[in-house]
Amino acid sequence: MHHLYIHVPFCTRRCSYCDFSIAVRKAIPAADFVAAIKTELARRGPLESLETVYLGGGTPSLLPPDAIRTILLDVLHSTPSLGTLEVTLEANPENVTPEVVRAWRASGVNRVSLGAQSFDDRVLQWMHRTHDAAQIGRAVTHLREGGIENISLDLIFALPESLRRDWDHDLDQAVALEPSHLSLYGLTVESRTPLDRWISRGAVQAPTDERYADEYLRAHERLGAAGYSFYEVSNAARDGWRSRHNSAYWSGRPYVGVGPAAHSFDGRARSWNHSAWAAYVRAIAAGESTVEAREELSHQQRELEHIYLGLRTVEGIDLPNRSRLLPPSSAFLGQGWLVQDGCRLRCTPTGWLRLDSLVPALTGNPAIP
C-alpha cells in the first residue's frame with residue numbers, strides 16, 4: 001500500500017451542510033485517539049513504500065501538535081525517504097498559528113488543506129463555520145512563514161440565493177492569496193443536516209441547478225485566467241501542485257484508511273471502519289476488528305468504477321479497450337459534453353456537470369459508484 005488516510009473525527013461544531021462522520025467535542029480526547037490509531041496501525045502491519053499520508057476529518061488541526069507528531073513519527077519511522085512523501089493535514093483557519101505551523105512542519109507535514117469555504121463573514125456564520133474571513137489570510141501567511149508552501153483552499157459554491165453571496169468576490173479573494181491548489185465543492189442538501197431542516201420548514205430555498213452550473217463554469221473561467229488548471233472535476237492546481245494523495249483515489253490505486261469511518265481499497269475489495277467514534281473505540285478496546293463491512297467488487301463493478309473515476313479527471317479514459325462506448329459517446333461529443341483526443345475520451349467542464357448521467361448513458365449501466 002502506498003497511500004494512507006487517517007480520519008480525525010473531532011469538530012467543535014457541526015457545519016450546517018455536513019453529514020460526515022464526526023464527533024462534536026468541547027474537549028478533544030487526543031490521547032485516546034492517538035492510542036487507538038497506533039493500535040489499528042499495529043494490527044494492520046507495516047506500511048511499505050508510502051507515497052502519501054493524509055490526515056482528514058473532521059478537524060485534524062484540533063489535535064495538539066504533539067499528538068500529530070506522535071502519529072506521524074509512528075507511521076513514518078520506517079520510511080527512509082521522508083522528504084519525498086506528501087503529508088497533508090486538513091486545518092481550520094482559526095487553528096493555524098506560527099507555533100503550531102512550526103510543530104506541524106517539524107513532524108513531517110508539508111501540505112495543508114485549509115477549509116476556507118467563503119470570504120464572506122455572513123456566509124461563514126450561516127455555514128456554522130468557526131472562523132471569519134480575516135483568519136483565512138492570516139492562516140496562509142503563517143503557513144508560508146512556517147515553511148509550508150503547498151497550500152490548498154476549499155471553497156463551497158451554489159449557495160442559496162437568499163444569502164446574496166458574491167461568488168466572483170470569493171474567487172478573487174482566493175486567487176489573491178496565491179494558493180498552489182483549490183478545491184471547489186457545490187453545496188448539496190444531505191438528510192438530517194441543519195440545512196435539510198431549514199429547507200424542510202421553508203426557512204431557506206435549496207440552490208438551483210442553474211445556479212450550480214453558472215458558478216461552476218465561472219470558476220473554470222476565473223481560475224483558468226489566473227493560471228490554475230482543473231485536473232479533476234472539483235480540483236484545480238498550478239503546474240506541479242496536484243494532490244498526489246487524492247489523485248491516487250481517482251486512478252484506482254490501493255490505499256489504507258485508519259480511524260472511524262475510514263475506507264480502504266486493495267484493488268479488488270473495499271472495506272470501511274465503524275463510523276461512530278464510540279463504536280470504533282469499543283472495537284479497539286475489545287481487541288476486535290475495526291472494520292464494519294467489506295465489499296468485493298465484481299469485474300463489471302471495477303470496470304464501471306474505472307470509467308467513472310477516469311472521466312472525473314482531465315486525462316479521461318482510453319478508448320481502444322472500450323469500443324462499446326463509441327456509439328453513444330458520439331452524441332455527447334456533438335453536444336460539447338465530451339471531447340476525443342486521439343484514443344482518449346474526456347469530459348469538458350459542461351460534461352463534468354453531467355457526469356452522473358453521462359456514465360450510465362455511455363455504459364448502459366445505471367449503477368454509479
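Helices (H or I, at least four residues) and strands (E, at least two) are taken here as DSSP runs, numbered from the N terminus. The model is a predicted one.

Twenty residues is the size of its lining, and W250, S251, G252, H306 and L309 are the ones that lie nearest the centre. Three elements, α9 (244-250), α11 (299-312) and β15 (317-318), each supply at least two residues of this lining. Of the elements, α11 gives the most, with five residues. By residue class, the lining of this pocket holds six nonpolar, eight polar and six charged residues.

In soluble globular proteins, nonpolar side chains tend to be buried together. In this model the largest nonpolar core has 83 residues, and L4, I6, V53 and W104 have the most contacts inside it. The surroundings of L4 can be listed: apart from neighbours within four places in sequence, L4 is in contact with L41, L47, L50, T52, V53, Y54, V75, H245, V256 and V258. There is also a second, separate core, which has 13 residues, among them Y17, V123, W198 and V204.

Helix α5 spans residues 133-145, and its buried residues are A133, Q135, I136, A139, V140 and L143. Viewed down the axis of α5, these residues fall within an arc of 145 degrees, so they line one face of the helix. An α-helix has 3.6 residues a turn, so residues three or four places apart point the same way. The cover over the buried residues of α5 includes α3 (98-107), β6 (111-117), α4 (121-126) and β7 (150-157).

The other helix is α10, residues 277-285, where W277, Y280, A283 and I284 are buried. Their arc around the axis is only 130 degrees, which puts them on the same side of α10. On the face turned away from that buried side, α10 carries the exposed residues R282 and A285. Among the elements that cover the buried residues of α10 are β2 (10-11), β3 (23-24), α1 (30-44) and β13 (269-273). Just after α10 comes G287, with a positive phi of about 75 degrees.

Conventions
Residues are numbered from 1 along each chain as its sequence is written. This is a predicted model: local features need pLDDT of at least 70, side-chain atom pairs count only at pLDDT 80 or more; totals for chains, interfaces and linings use all residues. Side-chain values use heavy atoms; hydrogens and water are left out. On a 1 Å grid over the protein atoms alone, a cavity is a set of points where a 1.4 Å probe fits but cannot get out, and a pocket is an open set with protein on both sides within 12 Å along at least five of seven lines; lining residues have an atom within 4 Å of a point. Ala, Val, Leu, Ile, Met, Phe, Trp, Tyr, Cys and Pro count as nonpolar, Asp, Glu, Lys and Arg as charged, and the others, Gly among them, as polar. A nonpolar core is a set of buried Ala, Val, Leu, Ile, Met, Phe, Trp, Tyr and Cys residues joined through side-chain atoms within 4.5 Å. Buried means under 20% relative accessible area, exposed over 50%, partly exposed in between (1.4 Å probe, protein chains only). Contact means heavy atoms within 4.5 Å. The arc is that of the directions from the helix axis to the C-beta atoms.
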